[in-house]
Amino acid sequence: SRRFDEAFAALDEADSFGSSTLRRDQQAAYMRAVAELIRGDLDAAAVAFTRARDVFLAAGNDAGLVSASLNLAEVDHGRGATQAAIETATAALPSAAKLTDRSTWAWLLRNLAGYLGAAGDAAGARRAASEALEFYGSYDPEGPLTDQMDGFTAITLEHLALGLALG
């Protein structure tokens, strides 16, 4: 069973500790956002992921910032705020491009292509999907991530097709 009251009480208790550390602040902000998302409260999840993104930004934690931004964009798109999702994903791309593991950058682009397609920006959707496909095409077809990359590639191709169909 889902015990959200207990989870949020524990997070509130952690927030009330006298001394704060940067690592704890980052983890607590992100976990609160994830809990709100799992609970299904998209408005609260958007607020919490925004806070988590801001905490990661202040800490100079690009990986955390990109992860929070990716989730915030998904939440915003899911609650009908597609333009906000586009802005969030676009703003996170430079930080994602700096990461050693470029798969999150491609994931962000793949999602951005879907948001742009939903917003009617066919050219933008094609551009974002094409960039993501270049990344996915670089994976070894016999490598350990084949199934996962095949799935990501299929979703990206769907977003590219949407961009092509729109114009």
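Biologist: What makes the charged end of R102 count as sitting over the ring of W105?

Modeller: Keep in mind that this is a predicted model. The charged end of R102 is 4.2 Å from the centre of the W105 ring, and the distance cut-off is within 6 Å, along with a limit of within 35 degrees of the ring normal. R102 is listed as sitting over that ring, so the contact gets the name.

Biologist: Why are Y30 and F49 called an edge-to-face pair?

Modeller: Their centres lie 5.8 Å apart, and rings pair if the centres are within 6.5 Å. The planes make an angle of 70°, and over 60 counts as edge-to-face, so that's the label.

Biologist: Which parts of the chain does that pair link?

Modeller: Distant ones: Y30 belongs to helix 2 and F49 to helix 3 (residues 42–59), with the two 19 residues apart. Y30 and F49 also share one aromatic cluster with F56.

Biologist: Which other residues of helix 2 are buried?

Modeller: Besides Y30, they are Q26, A28, A29, A33, A35 and E36.

Biologist: What makes the span of helix 2 close to the expected one?

Modeller: Helix 2 (residues 22–39) has 18 residues and reaches 26 Å from first C-alpha to last, against an expected 26 Å at 1.5 Å a residue.

Biologist: What follows helix 2?

Modeller: G40 does, and its phi is positive, near 95°.

Conventions
Residues numbered from 1 in each chain as written. Predicted model: local features only at pLDDT ≥ 70, side-chain atom pairs only at ≥ 80, totals over all residues. Heavy atoms only, no water. Helix = DSSP H or I, 4+ residues; strand = E, 2+ residues; numbered from the N terminus. Expected span 1.5 Å × (residues − 1). Buried < 20%, exposed > 50% of the residue type's maximum accessible area, 1.4 Å probe, protein only. Phe/Tyr/Trp six-rings, centres within 6.5 Å; stacked < 30°, edge-to-face > 60°.
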